[in-house]
Amino acid sequence: MPKNEIQNDNLIIGRNAVLELLKSGREIENILVAKGEKEGSINKIISICRERGIVVKNVDRKKLDFMCGIGNHQGVAANVPAHSYSTVDEILNFAEEKGEKPFIIICDEIEDSHNLGAIIRSAEACGVHGIIIPKRRNVGLNYIVAKTSCGALEYMKVARVGNIAATIDELKKKNIWVYCADMDGQPWCKTDFSGGCALVIGSEGKGVGRLVKEKCDVTVSLPMLGKVNSLNASVAGGIIMYEIARQRLGL
């Protein structure tokens, strides 16, 4: 490989390297293109991404320089996942194989890698069968997510879908109740989580989106006794996950 095209586990740098990645069929989180780059093979890369539905993000060149270190990125880099993705069907089949009602976490636009990693770690400890994340406006399975999960990612199925609201509709058809963790809901500790359930955890700043919240069956909340009116997404999610786990264990 030419010196100006550098690869590591999660970032592939340089035009030829990215083109070869696209040819390989390997999973891709997204393609980063420096703002203003539209010449030569960059156009070919963008065209292929559009055909395959791969997310292309226009980023400031200085940000790309920082991410790529001393590597000459030539205006383009690709993020690849630190772990392969599963499908929603694989998550449901896993629950069935264990003889258990599905227990699923749905992340709605979680943008902080540390939060997603922490959610995966708590989910694995609570017996969650799988996590569903959106393809857009949500952090993927990058190096920081893998590191923050402290190994839990190796045991957790994560599915990435194009439309969270539509996925919720499909889960509900399978008799899975969907609970939204948000403000102004019923107390989490007085909620019956028996049966198949999916818990939606919203983004750090905006919470669960309006359309997704409307799709949910029940909204559950945690009491806030201090001066701040919200908890970190992974902390709130972890508390509710353990309540679900407690009920499932009959404790």
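The legends below describe close-up views of a predicted model. Local features are given where pLDDT is at least 70, side-chain atom pairs where it is 80 or more, and totals for chains, interfaces and linings use all residues. Residues are numbered from 1 along each chain as its sequence is written, and side-chain values use heavy atoms, with hydrogens and water left out.

**View 1. The largest pocket and its lining.** The largest pocket is lined by 24 residues, and N30, M67, N79, V139 and N142 lie nearest its centre. Two or more lining residues come from each of β2 (30–34), β3 (56–59), α3 (61–68) and α6 (143–148). Helices (H or I, at least four residues) and strands (E, at least two) are DSSP runs, numbered from the N terminus. The volume of this pocket is about 680 Å³. A pocket is an open set of points on a 1 Å grid over the protein atoms alone, where a 1.4 Å probe fits, with protein on both sides within 12 Å along at least five of seven lines; lining residues have an atom within 4 Å of a point. Grid points are joined across faces, edges and corners, and the volume is the space filled by probe spheres set on the points.

**View 2. Residue I91 in helix α4.** Helix α4 spans residues 88–97 and includes I91. I91 counts as buried because its relative accessibility is 1% (buried means under 20% relative accessible area, exposed over 50%, partly exposed in between, with a 1.4 Å probe and protein chains only). Beyond its neighbours within four places in sequence, I91 is in contact with I104, H129, G130, I131, I132, K157 and A159, where contact means heavy atoms within 4.5 Å. Between I91 and E39 the C-alpha to C-alpha distance is 42 Å, and the two are 52 residues apart in sequence.

**View 3. K157 and the ring of F94.** The charged end of K157 sits over the ring of F94, at 5.3 Å from the ring centre. A charge sits over a ring if NZ of Lys or CZ of Arg is within 6 Å of the ring centre and within 35 degrees of the ring normal.

**View 4. C150 and N175, two residues with positive phi.** Most residues other than glycine have a negative phi. C150, which is not a glycine, has a positive phi of about 55°. C150 lies in the loop between α6 and β7 (158–161) and is exposed, with a relative accessible area of 51%. N175, also not a glycine, has a positive phi of about 65°. The loop between α7 (164–173) and β8 (177–187) holds N175, which counts as exposed at 58% relative accessibility.
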